[in-house]
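I opened a new notebook page today to look through a structure piece by piece. Here is what I looked up, in the order I went.

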Amino acid sequence: MKCLFDDEAGESCVHNIFGNCTGFCAREVKGKSVLLIDGDNSGFPNLALMKISTFYKKQGWQVYLNEAHTTVDKIYASCVFTWNKKKTIARLQSIQAMFPDIEIEKGGYAFSPVTLPLEVDTIMPDYSLYDVDYSVGFTSRGCIRACPFCIVSKNEGTIRPVMDIYKFWNPKHKKMVLLDNNLLASPECSNVLQSLIKEKIKVDFNQGLDIRLVNDENAKLLAKVKAEVLRFSLDSPHVEKDFIKGVETLKRNGMAITKLVVYVLIGYNTTFEQDMERFKILTGFGMAAFPMIFRDYEGNYKVRPTGNTDEIIKKCRMPIGMKLKLMKFYGILKEDKNEDIYAVDVKPFF
Ligand code: SF4
């Protein structure tokens with residue numbers, strides 16, 4: 001763990017009076033302090049909290065993440081994933097009991113669609129808060145579409161560029177996670193892709209790219225971008241034709257198909273046969289499939305068809321864990337009561 005005071009941690013540290021450094025030492029803390037609560041604790045850094053951290057550090061405040069061994073003057077909590085909301089509320093109740101006089105300010109998609117004030121939103125994130133070696137940010141907000149299973153356009157409206165990568169890129173980082181919901185729909189898309197190519201940044205388009213918007217111009221740029229994988233989705237049978245057209249365009253412009261990872265939404269409104277059809281299309285192209293099981297605010301699926309996945313499981317490129325998830329969802333394997341088969345891995349692909 002990094003020393004909060006930027007001193008050399010360890011035995012030689014004169015402030016390290018409790019033995020092993022825990023990041024919280026007994027040194028007198030001057031000024032005020034703020035406690036930031038990450039309700040998701042997903043292993044992926046919370047962007048809003050990293051920006052709030054910079055904002056307060058610039059004013060000389062001490063910043064704590066998730067726990068503070070001292071009194072604090074302000075508390076912010078953020079929860080992005082709706083399925084983590086219940087457990088976050090329970091956690092905040094015990095934090096509130098520890099700090100009864102402080103009103104906890106809550107944000108993040110699970111609590112409210114409100115974004116940060118502009119002066120905080122455009123600040124460089126404090127990457128030291130999570131000790132990550134990659135930059136994270138949005139160059140656009142909103143989306144041109146209104147997919148019924150998604151809350152982006154309801155919360156953020158239509159697409160609009162918000163900032164270029166230089167606002168959140170720490171030049172020491174060779175990697176970046178872009179969180180744009182629909183980058184290819186952004187009027188600034190070409191500039192963003194060109195900046196990534198120019199700076200030789202390895203990028204993960206974390207929220208996926210819209211295959212229906214792939215054309216020769218952006219496909220050429222995407223083929224030049226440094227990326228381990230490119231995430232797309234095949235969420236509904238209605239987009240199968242456009243999906244195939246988009247993949248052909250990528251191939252024609254030099255994209256290696258093995259680089260494509262495709263999310264397949266199941267459990268929303270499709271039959272078993274329709275789901276299998278989409279897996280077969282991906283198998284035909286030799287692309288990796290990631291089943292995404294839909295769940296609503298309460299954590300429930302809408303439909304849960306049953307059927308035999310044998311053929312797909314044997315032939316489809318899909319991580320083993322995903323295959324097991326799929327078999328459990330369709331009732332082929334028994335579900336473990338303590339297991340969350342809906343859990344989504346949010347770690348970046350680098
Ligand atoms: S294209 Fe993606 S971000 Fe846009 S509404 Fe559909 S699922 Fe949501």
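**Entry 1: a loop residue.** I began with Lys200, which lies in the loop between α5 (189-198) and β9 (202-205). I kept in mind that the model is a predicted one. What is phi of Lys200? I found a value near 55°, which is positive, in a residue other than glycine. Next I asked myself: is Lys200 buried or exposed? Lys200 has 9 C-beta neighbours inside 10 Å, so it counts as exposed; the cut-off for exposed is 12 or fewer.

**Entry 2: another positive phi.** I then turned to Asn66, in the loop between β2 and β3. Asn66 is not a glycine, yet its phi is positive, at about 75°.

Entry 3: Then I checked its partners. With strand β2 (residues 62-65), β1 pairs in the parallel sense over 4 bridges, and I found Leu35 opposite Tyr64 in β2. With strand β3 (residues 74-78), β1 pairs over 5 bridges, again in the parallel sense. There, Ile37 stands opposite Ala77 of β3. I also wrote down that β1, α1 and β2 form a β-α-β unit, and that this unit is right-handed.

**Entry 4: two domains.** I zoomed out to the whole chain, which is divided into domain 1 (33-107) and domain 2 (122-329). Their C-alpha centres are 29 Å apart. Where the domains touch, I found 12 residues of domain 1 in contact with 14 residues of domain 2. Which element gives the most to the domain 1 side? Helix α1 (residues 47-58) does, with 8 residues. Sorted by class, that side of domain 1 has 7 nonpolar, 3 polar and 2 charged residues.

**Entry 5: around the ligand.** Last, I listed the residues around the ligand. Among them are three cysteines to spot in the viewer, Cys143, Cys147 and Cys150. I also noted Arg145, Ala146, Val152 and Ser153, along with Asn181, Asn182 and Asp210. By class, I have 5 nonpolar, 3 polar and 2 charged residues in this shell.

Technical notes. Residues numbered from 1 in each chain as written. Predicted model: local features only at pLDDT ≥ 70, side-chain atom pairs only at ≥ 80, totals over all residues. Near = placed C-beta within 6 Å. Nonpolar A, V, L, I, M, F, W, Y, C, P; charged D, E, K, R; others polar. Domains from an automatic or database assignment. Contact = placed C-beta atoms within 7 Å. Helix = DSSP H or I, 4+ residues; strand = E, 2+ residues; numbered from the N terminus. Pairing = 2+ DSSP bridges. Right-handed = clockwise from strand over helix to strand, strands pointing away. Buried ≥ 20, exposed ≤ 12 C-beta atoms within 10 Å, placed from the backbone.
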